[in-house]
Structure formats: C-alpha cells, structure tokens
Amino acid sequence: MKIDSPNNPRLQELRRLARRRRREQSGRFVAEGEDLLAAAERAGWPAIERFVAAGSGLEGTEVEPQALATVSALGSGTRAIGLYEQRWATPTGSLAVYLHGVGDPGNVGTIVRSALAFGAGSVVLGPGCADPYGPKAVRASMGAVFAVPLARATRLDELPGRTIALAAHRGTPLRGPLDGEATLLVGAERDGLPEELIASADETCRIPIAAESLNAAMAATVALYELSRPSRVPAG
C-alpha cells in the first residue's frame with residue numbers, strides 16, 4: 001500500500017533515527033540514495049524495508065515524493081531510503097584502525113571509506129567518536145559502512161597486533177609496508193590522541209609534512225596508504 005502522508009508512523013520512525021539516541025535504542029539506521037542502497041545489496045546486507053518515490057520504478061514501499069522528501073536529509077530530496085539493522089564486529093584484521101575522539105561524522109565516514117580502499121580489516125570506535133551509522137557518516141562512507149567491519153573498544157589490549165599511535169611532529173616517520181598485525185591509532189581533529197594513549201602504544205609515528213597538521217580523515221588515509229603499500233622492489 002502506498003504511503004501518502006508524512007505523518008505515517010513508519011516515516012516518523014525514519015525521522016527519529018536521525019537522532020543518535022534513537023539509533024542506539026533501536027539498533028537500526030537509515031541509508032539514503034540509490035547508490036548507498038546498491039552498496040548494501042552488493043555487501044549482502046538486506047534492508048529491513050525500502051522506501052521509494054512513487055512512480056520511480058524502484059523496488060520497495062512506494063511513498064508520495066512530497067512525503068518522502070520530509071524524511072530526506074538531502075537538500076535535493078531522494079528517491080530511495082533504506083532501513084537497516086546495525087552490525088558490530090570484533091576488532092580484527094592484519095591492519096585495523098582505531099579512532100579515539102574523532103567527533104566529526106564526515107571524518108568518521110571518510111576513514112571507513114579509506115579503510116575499505118586500503119584493505120583494513122576493521123574500523124574500531126573508541127570513546128568520543130561520532131556514530132558511524134549516523135546519516136552524515138553513512139553518506140561520507142560512500143557505502144563502505146556496509147563492507148568494512150565496525151567494532152567498539154575502550155582499551156588497547158582489545159585491538160589486534162601492535163599499536164601504532166599517529167601523532168603530529170612526534171615519533172619516527174611512518175614507514176610501510178606493514179610487518180605483522182597492527183592497529184593504527186588516530187585521534188581527535190583538534191587535540192589528537194591523549195598523552196596516556198600515546199604512552200601506552202607500542203610505537204609512536206608521524207607523517208612527515210610541511211604544514212602544521214592534517215585533519216583526522218586525511219591523516220588516516222595517508223597512513224593507511226603507507227602501511228598497506230607493497231614492498232618496493234628495486235628496478236632492474
């Protein structure tokens with residue numbers, strides 16, 4: 001049956017899921033846009049329900065476009081919204097990424113996208129991080145949220161392999177490729193990692209740069225590239 005009213009209870013629940021507290025209570029989240037829904041399908045992550053604009057020809061519960069627009073977080077509206085169950089994994093992988101205090105959802109989503117690009121086994125969320133299942137983070141991940149295992153941790157001994165703290169202008173220059181299992185520790189956008197976390201890590205490394213600093217997503221992306229690159233073989 002087609003949904004005509006923006007006051008429909010199912011649409012109201014989609015709007016409530018824009019709030020982190022409601023996502024935590026329900027264990028569900030929303031992905032918006034045909035590309036994200038297609039990424040979920042490729043990852044074998046079925047939607048609880050799909051809502052599509054009436055007349056679009058897309059598969060799902062038809063909703064009058066004006067009613068669907070009241071749910072959309074995009075300025076231009078959308079033709080498809082999916083409702084999904086959250087999935088949380090155990091920290092794993094020969095290369096994992098641990099985020100501590102990364103509060104910007106765009107940075108969290110971008111780091112998940114970079115983790116997929118460079119083959120990281122998981123992204124682990126520590127205290128003070130934005131919700132990777134929030135609307136902005138899901139969009140920034142460009143669908144990687146459906147392909148990269150997400151985990152939670154509060155202690156370094158929960159992380160796989162040796163721990164490498166990424167700090168600005170401190171430690172040894174970061175050099176790849178990775179030798180054995182490791183977890184890259186990435187800190188808050190403004191303050192970086194806490195001193196006690198750096199002191200507890202197995203290694204402290206920096207990215208040699210000319211500027212003062214990189215934001216969290218850029219730093220994590222550069223570090224993931226460096227750690228995941230293959231060994232350089234001499235020419236000839």
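Which backbone nitrogen lies 3.3 Å from a polar atom of the side chain of Ser141? The backbone nitrogen in question belongs to Val145, and the surroundings of Ser141 are taken up again below, once the chain as a whole has been described.

This is a predicted model, in which local features need pLDDT of at least 70 and side-chain atom pairs count only at pLDDT 80 or more, while totals for chains, interfaces and linings use all residues. Residues are numbered from 1 along each chain as its sequence is written, and side-chain values use heavy atoms, with hydrogens and water left out.

The secondary structure of the protein chain comes to eight helices and eleven strands, where helices (H or I, at least four residues) and strands (E, at least two) are DSSP runs numbered from the N terminus. Taken along the principal axes, the box filled by the C-alpha atoms is roughly 60 × 45 × 35 Å. Of the 236 residues in the protein chain, 46% are buried; buried means under 20% relative accessible area, exposed over 50%, and partly exposed in between, with a 1.4 Å probe and protein chains only. Among contacts (heavy atoms within 4.5 Å) between residues at least 6 apart in sequence, 77% join residues at least 24 apart.

Helix H1 covers residues 9-16, and Leu11, Glu13 and Leu14 are buried in it. These residues lie on the same side of H1, because they cover an arc of only 155° around the axis, the arc being that of the directions from the helix axis to the C-beta atoms. An α-helix has 3.6 residues a turn, so residues three or four places apart point the same way. The partners against which the buried residues of H1 pack include helix H2 (20-26), strand S1 (28-32), strand S2 (49-53) and helix H4 (65-69). At the start of H1, the backbone nitrogen of Arg10 has a side-chain oxygen of Asn8 within 2.8 Å.

In the loop between H4 and S4 lies Arg79, which counts as partly exposed at 38% relative accessibility. The side chains of Arg79 and Glu34 are joined by a polar contact of 2.9 Å; a polar contact is a pair of N or O atoms within 3.5 Å, and within protein one must be able to donate a hydrogen and the other to accept it, while residues adjacent in sequence count only if both atoms are side-chain atoms. Leaving aside neighbours within four places in sequence, Arg79 is also in contact with other residues, among them Phe51, Val52, Ala53 and Leu68. Arg79 and Gly57 are 22 residues apart along the chain, and their C-alpha atoms are separated by 9.8 Å.

Ser141, with which this account began, lies in helix H6 (residues 135-141) and is buried, with a relative accessible area of 1%. Besides the approach to Val145, the side chain of Ser141 reaches the backbone oxygen of Val138 at 2.8 Å. Gly109, Val112 and Arg113 are in contact with Ser141 when neighbours within four places in sequence are left aside.

Some backbone features belong to loops. Met142 has its place in the loop between H6 and strand S7 (150-152), and its phi is near 55°, a positive value in a residue other than glycine. His169, found in the loop between strand S8 (162-166) and S9, has a phi near 60°, which is likewise positive, and is partly exposed, with a relative accessible area of 46%. A cis peptide bond, with omega about 0°, joins Gly176 and Pro177, and Pro177 is found in the loop between strand S9 (172-173) and S10. Most residues other than glycine have a negative phi, and most peptide bonds are trans.

Strand S10 (residues 182-186) holds Leu184, which is buried with a relative accessible area of 0%. Not counting residues up to four places away in sequence, Leu184 touches residues that include Ala96, Tyr98, Leu166, Ala220 and Leu227.

The largest pocket has a volume of about 450 Å³ and is lined by 24 residues, of which Leu166, Ala167, Ala168, Gly192 and Leu214 lie nearest its centre. On a 1 Å grid over the protein atoms alone, a pocket is an open set of points where a 1.4 Å probe fits, with protein on both sides within 12 Å along at least five of seven lines, and lining residues have an atom within 4 Å of a point. Helix H7 (195-200) and helix H8 (216-228) each supply at least two residues of the lining.

Technical notes: Points joined across faces, edges and corners; volume = space filled by probe spheres on them.
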